[in-house]
Amino acid sequence: MNFKDLILNIVNDENYKPMTIKEMLKYLDCDKYIKKDVKKIIKKLAKDNEIKISSKKKIHPLSIEDKSLIGQINLAQGGYGFFISDNKDFKDVFISANNLNTANNLDRVRIKIIKNKEFGKNAEGKVVEIIERNSNKIVGLYQKNKGFGFVISDSNNISSDIYVDEKNSKKAKSNDKVLVDIINYPKKGSPEGKVIEVLGNKDEANVDLISIVKSHGLKENFSKKVKKEAVFIEKDVDLSKVKNREDLRDFFTVTIDGRDSKDFDDAISIEKDNENYILYVHIADVSHYVKEKSEIDKEAYQRGNSTYLYNLVLPMLPEELSNGICSLNPDKNRLSLTLKMKINDKGKVIDYKIYKALIRSDYRLIYDDVNDYLDYNKKVYDDEVLLEKLDLFNDLYKILKKKREKRGSIDFNFTESQIDVSDQGDVLNISLFERGSANKMIEEFMLVSNETIASLFAFMDFPSIYRIHEKPKEEKVESFKNILNTLGYNIKGKELHPKDFQDILKQISGKDDESLINMLMLRTMRKAKYTNYRDMHFGLATKYYTHFTAPIRRYSDLIVHRLVKDFIDNKLESINQTSLEKKLSKFAEHLSITERNSEECERDVEDLYKCKYMKKFIGEKFEGIISSITDFGIFVELENTVEGCFMYKFSDSHFEYIEDKLSSINIDKNKRYKIGQKVMIEVKNVDLDKRNIDFDLMEG
């Protein structure tokens with residue numbers, strides 16, 4: 001145990017009596033050579049708000065109240081913010097713009113309460129200390145003045161404009177999008193920044209897209225060191241160097257992916273053994289090429305995952321790997337980690353084996369074509385062997401799906417967006433994305449593979465990376481039940497289990513409010529995350545789950561692959577499990593953050609493209625469904641998944657928001673609006689900078 005952990009354990013012990021720093025050093029029996037270092041550790045713990053040093057120089061543990069007043073600031077568009085405490089049971093605190101004390105979005109802060117919570121209103125607070133800045137790099141619009149300029153942030157991540165001296169402007173022009181580094185936060189007035197990159201004029205093609213990428217701290221290009229390493233990656237598998245691998249090239253093997261996919265990290269094969277199915281899931285052996293602590297590995301870890309932005313992909317790995325030697329392209333020898341599963345006619349995996357293998361894919365199939373065959377019985381292929389295998393795959397898919405449904409796994413049926421974007425960033429069309437049997441079949445095979453690998457490490461009680469999904473919070477479940485009741489669905493029982501959620505989805509299947517309830521149910525759930533400990537996956541209703549099947553685009557899978565290889569090679573016994581646990585804990589936290597960051601970036605880009613598309617429909621009318629009602633407006637989702645808001649706070653009519661009924665009444669016209677109701681809207685305005693769409697409600 002290091003000194004930091006030791007000091008925290010001592011201070012937080014229930015029998016601890018506060019000591020001075022000098023007394024703590026004596027208690028720790030520190031010799032004169034390390035006293036200086038231990039003093040620094042104690043002062044750093046106090047600075048990081050992990051302990052408290054009183055005016056009498058005594059070291060105290062933080063009280064529950066102390067801990068509750070430390071957390072994160074979330075800024076709103078209006079310049080005010082909300083304090084989100086580290087203590088999850090502590091209610092959010094409203095922070096006015098005047099009380100932010102220069103705090104920006106996602107900064108870690110300490111606050112004090114200046115006004116207690118009242119009925120229907122949050123408590124009010126004031127930022128008294130900024131513990132850690134979230135980021136000093138901001139993307140915004142540059143406006144030039146004589147001798148200086150200023151940057152208006154693209155988002156609500158900073159509470160004021162940023163002053164830039166001319167010498168720090170990097171010759172940016174007015175209306176250029178720039179990346180600015182904040183170099184000074186004065187006690188009063190605007191922060192001062194330095195332009196570190198000019199992204200281009202705001203009206204240039206794809207500058208809006210790149211601005212979003214930069215605002216999330218994501219990288220478009222790989223470093224010179226990574227590019228240098230990538231040059232030496234082999235283009236083809238050298239069979240003379242392939243040793244100790246199962247040769248599975250004679251197995252009939254296919255990949256099934258989207259039409260535009262270029263990186264194929266999973267392939268499948270199947271056989272029948274009496275009543276049992278033998279499913280082979282071949283996953284690209286990325287760990288063979290990406291060695292730990294190599295430059296490519298370091299960069300892949302920092303990125304955490306690939307990010308997909310319609311007309312731009314930010315890959316986790318260089319193209320030489322992702323689209324080259326690691327991609328399971330047809331008619332190419334490829335290295336894989338292959339999971340062979342024997343599955344009975346009830347969908348249970350009764351036996352499995354994992355190989356380091358050599359494979360060769362026979363076909364690169366496309367979801368649309370396979371869906372045409374499986375769902376519409378169209379003869380899209382002439383190869384009888386292929387058709388026979390597709391039928392076998394489909395039979396097994398139905399068995400696995402039935403087993404998963406039986407245990408209560410929740411199958412959301414979302415209305416996903418299909419957004420077609422040109423290379424120049426022009427949005428050509430937005431429509432509903434249809435998931436057919438082929439898409440669901442591959443998902444099912446990946447799910448059973450991930451569960452099987454997770455159970456391997458769980459039953460050995462050996463450290464690994466897990467994907468967990470905790471059960472929803474009680475208050476979220478209560479809110480969801482209230483909404484369902486307003487929609488006419490009577491849900492009883494205090495606690496809902498996965499099977500209860502599944503039953504709700506069956507009740508609403510095919511109804512007008514199906515997509516709405518799917519979305520509301522998703523909002524009720526917690527976010528899945530990576531951990532180094534085992535816990536349930538609520539949504540899948542399974543004890544153990546991990547990510548194993550996408551190592552080209554997820555670093556978590558690469559970690560699991562390395563552990564699987566150690567298992568195959570009988571090397572697990574030589575690994576220090578305590579050290580591995582610590583390392584995996586750090587990895588899991590980092591990868592959960594990079595995943596969320598990518599998702600937020602993808603969502604921002606989706607919002608941008610929806611706004612760009614709807615700009616051409618200003619003044620036109622559409623039918624939509626009310627997806628949400630707040631105290632300021634009514635949100636409406638159109639059939640093509642685009643959502644906008646009717647801000648009744650600024651309308652001529654007087655509206656009253658009825659919170660417990662999740663509805664709103666136009667008092668002047670005596671007309672009630674509720675979630676799930678169909679309405680007509682007119683597209684009133686589109687704000688590309690704020691990525692907002694304003695609707696007018698056609699009350700006639």
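## Strand pairing and the predicted model

Two strands are taken to pair if DSSP finds at least two bridges between them. The structure described here is a predicted model. Under that rule, strand 6 (residues 93–95) and strand 8 (residues 123–132) pair in the parallel sense over two bridges. Within this pair, valine 93 stands opposite alanine 123 in strand 8.

## Domain layout

The domain assignment divides the protein chain into domain 1 (3–62), domain 2 (65–132), domain 3 (137–204), domain 4 (225–464 + 544–602), domain 5 (471–525) and domain 6 (617–697). Between the C-alpha centres of domain 1 and domain 6 the separation is 56 Å.

Strand 4 takes part in two antiparallel pairings described here. With strand 7 (residues 108–115), strand 4 (residues 70–75) is joined by three bridges, and the two run antiparallel. Isoleucine 70 has arginine 110 of strand 7 opposite it. Strand 4 also pairs with strand 5 (residues 81–85), in the antiparallel sense and over five bridges. There, glycine 71 has serine 85 in strand 5 as its bridge partner. The pairing of strand 6 with strand 8, by contrast, is in the parallel sense.

Strand 11 (residues 162–165) and strand 13 (residues 192–201) run parallel and are joined by two bridges. Tyrosine 163 has glutamate 192 as its bridge partner in strand 13.

## Helix 6 against helix 8

The axes of helix 6 (residues 224–231) and helix 8 (residues 295–303) come within 8 Å of each other and cross at roughly 125°. Because of that angle, helix 6 is oblique to helix 8. The crossing of the two helices is left-handed.

On the helix 6 side, the contact involves Lys225, Val226, Glu229 and Ala230, which meet Glu295, Ile296 and Glu299 in helix 8. Sorted by class, the contact of helix 6 with helix 8 holds three nonpolar, no polar and four charged residues.

## Helix 8 against helix 16

Helix 8 also approaches helix 16 (residues 555–568): their axes come within 9 Å and cross at roughly 130°. Helix 8 and helix 16 are therefore oblique to each other.

Which residues of helix 8 and helix 16 make the contact? Helix 8 contributes Asp297, Ala300 and Tyr301, while helix 16 contributes Tyr555, Leu558 and Arg562. The contact of helix 8 with helix 16 comprises four nonpolar, no polar and two charged residues.

Notes: Residues are numbered from 1 along each chain as its sequence is written. This is a predicted model: local features need pLDDT of at least 70, side-chain atom pairs count only at pLDDT 80 or more; totals for chains, interfaces and linings use all residues. Side-chain values use heavy atoms; hydrogens and water are left out. Domain bounds come from an automatic or database domain assignment. Axes are lines fitted to C-alpha atoms, for helices over the stretch in contact, and angles run from 0 to 180 degrees between N-to-C directions. Helices (H or I, at least four residues) and strands (E, at least two) are DSSP runs, numbered from the N terminus. Angles under 35 degrees count as roughly parallel, over 145 as roughly antiparallel, 65 to 115 as roughly perpendicular and the rest as oblique. A crossing is left-handed if the near helix is turned anticlockwise from the far one by less than a right angle, and right-handed if clockwise. Contact means heavy atoms within 4.5 Å. Ala, Val, Leu, Ile, Met, Phe, Trp, Tyr, Cys and Pro count as nonpolar, Asp, Glu, Lys and Arg as charged, and the others, Gly among them, as polar.
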